[in-house]
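Thanks for making time this morning; I would like to walk you through one model, with the cut-offs stated as we go.

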Amino acid sequence: MTIHCQNCLRPYPETGTPYRCEVCGGVYDYSEFPGYVPPVETGSPGIWRYRQSFGLPEYAPVISLGEGNTPLLPVRLNGQQVWLKCEYQNPSGSFKDRGAATLLSFLASRGVSTAIEDSSGNAGAAFAAYAARAGIQGKVYIPDSTSGPKRQQIESYGAEVVRILGNRSTVAEKTREVAANGEVYASHAYLPQVLPGYATVAYEIYEQLGEIPGSLIVPVGQGNLLLALWRGFESLSKVLQIPKAPLLVGVQALACAPLWALTNYGPAGLGWVAEAETVAEGVRIKTPIRGDSVLQAVEKSQGVFIAIDEERILPARDELARQGFYVEPTSSLVWEATRNLVKNLPQPVVSVLTGSGLKTEI
Ligand SMILES: [Zn+2]
């Protein structure tokens with residue numbers, strides 16, 4: 001087993017599905033990332049072509065709704081070519097489907113029949129969809145303020161929805177309390193089994209582009225997508241012996257930008273990080289669980305964090321829509337970031353459009 005507690009180094013247990021270390025409370029992660037294995041064409045759907053890269057046991061079931069194989073499309077911005085990876089075209093409307101597929105497969109392989117999750121939106125929908133596909137009864141804790149379409153989507157998949165008064169942190173706290181009573185907590189934030197699923201975005205970009213991109217622009221809340229992309233490209237470059245890594249740009253909303261504050265102002269910057277209101281609700285995370293690893297990945301890539309002003313988010317969303325790309329406000333952060341940076345970024349530049357605009361009420 002290559003998953004260990006990052007704090008006390010105990011291995012992930014052979015039975016059960018703890019979301020964090022049962023001894024010290026530490027976060028589990030791969031001590032060695034399963035990494036890229038060139039796909040074999042076996043007729044497996046979407047991301048399951050890369051099954052050998054998932055680190056799942058052979059007997060783990062394929063839980064698929066056809067996620068992956070999303071388009072990579074060129075657009076012009078400030079006279080430069082930019083490639084958009086259209087992750088919002090996944091089955092439940094976001095990249096989270098890739099991680100839900102691998103996580104639910106893992107949970108099913110351990111005989112799980114009921115599980116809980118907390119999410120303000122996309123992760124909750126992805127969990128509910130893949131739990132339904134896996135025959136697992138799901139319950140999802142969400143902030144009372146979660147937009148109607150997102151809540152309806154989760155409920156339609158058959159998951160029970162529990163609305164909690166308070167912000168995202170309050171909901172997470174409540175979910176941890178319930179998990180402490182022995183419920184299986186299928187946390188997309190804590191459990192590392194989502195990462196090999198997310199890493200397939202890197203493998204697809206490589207195949208579609210025919211090369212490792214020069215730069216990669218990704219929204220960062222927990223930062224698990226950015227981290228998985230980094231690990232995905234790192235392992236791909238090692239296996240295929242291509243000495244190249246993309247420069248990573250992690251994009252946050254200025255209203256809640258802890259990693260941007262830390263890298264620009266040092267530890268003092270963290271002092272004034274707020275969990276303020278933002279239309280980019282998907283990245284409203286004040287304390288990213290793998291924050292250290294995300295920071296290291298960006299640093300190693302010689303990349304940067306950038307924070308986007310609140311008043312620029314919806315205009316950027318509309319600009320994308322006028323070119324045919326209908327994404328949620330969280331995803332339009334990367335468009336604004338790309339505009340600001342594209343002239344100085346190594347080519348080719350790939351920006352990841354993470355979630356669909358169809359669930360948004362603004
Ligand atoms: Zn531990």
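This is a predicted model: local features need pLDDT of at least 70, side-chain atom pairs count only at pLDDT 80 or more; totals for chains, interfaces and linings use all residues.

Residues are numbered from 1 along each chain as its sequence is written, and side-chain values use heavy atoms, with hydrogens and water left out.

Let me start with the zinc ion, whose protein donors are the SG atoms of C5, C8, C21 and C24, at 2.3 to 2.4 Å. Donors here are N, O and S atoms within 2.8 Å of the metal (3.2 Å for Na, K and Ca), and since water is not among the atoms, sites may look incomplete. The angles among the four donor atoms run from 97 to 120°, and the site is tetrahedral, a label that, for four donors, requires all angles to lie between 85 and 135 degrees. Along the chain the donors follow the spacing C-x2-C-x12-C-x2-C. Within that set, C8 and C24 are 16 residues apart, and both sit in the loop between β1 (3-5) and β2 (28-30); strands are DSSP runs of E with at least two residues, helices are runs of H or I with at least four, and both are numbered from the N terminus. C8 is partly exposed at 25% relative accessibility, and C24 is partly exposed at 32%, where buried means under 20% relative accessible area, exposed over 50%, and partly exposed in between, with a 1.4 Å probe and protein chains only.

Turning to charged pairs, a salt bridge is counted when a side-chain nitrogen of Lys or Arg lies within 4 Å of a carboxyl oxygen of Asp or Glu, and by this rule there are 19 of them.

One of these joins R163 to D144, with the closest N and O atoms 3.1 Å apart. R163 belongs to strand β7 (residues 160-164) and D144 to the loop between β6 (137-143) and α3 (148-156), so the pair ties together parts that are 19 residues apart in sequence. R163 is partly exposed at 42%, and D144 is partly exposed at 32%.

A second bridge runs between K300 and E234, again with a closest N to O distance of 3.1 Å; it links helix α10 (residues 291-300), which holds K300, to helix α7 (residues 224-239), which holds E234, across 66 residues. K300 is exposed at 58%, whereas E234 is partly exposed at 34%.

What separates R339 and E336 in helix α12 (residues 329-341)? They are three residues apart there, which means about one helical turn, and their side chains meet in a salt bridge at 2.9 Å, N to O. E336 is buried at 6%, while R339 is partly exposed at 21%.

Finally, the interior. A nonpolar core is a set of buried Ala, Val, Leu, Ile, Met, Phe, Trp, Tyr and Cys residues joined through side-chain atoms within 4.5 Å. The largest has 88 residues, and L107 and L229 touch the most other members. Its largest share, eight residues, comes from α7. Domain 1 (72-95 + 193-359) and domain 2 (96-192), with bounds from an automatic or database domain assignment, both contribute residues, so this core lies between them.

Conventions
Four donors count as tetrahedral if all angles lie between 85 and 135 degrees; four count as square planar and six as octahedral if opposite donors are over 155 degrees apart and all others between 65 and 115; anything else is irregular.
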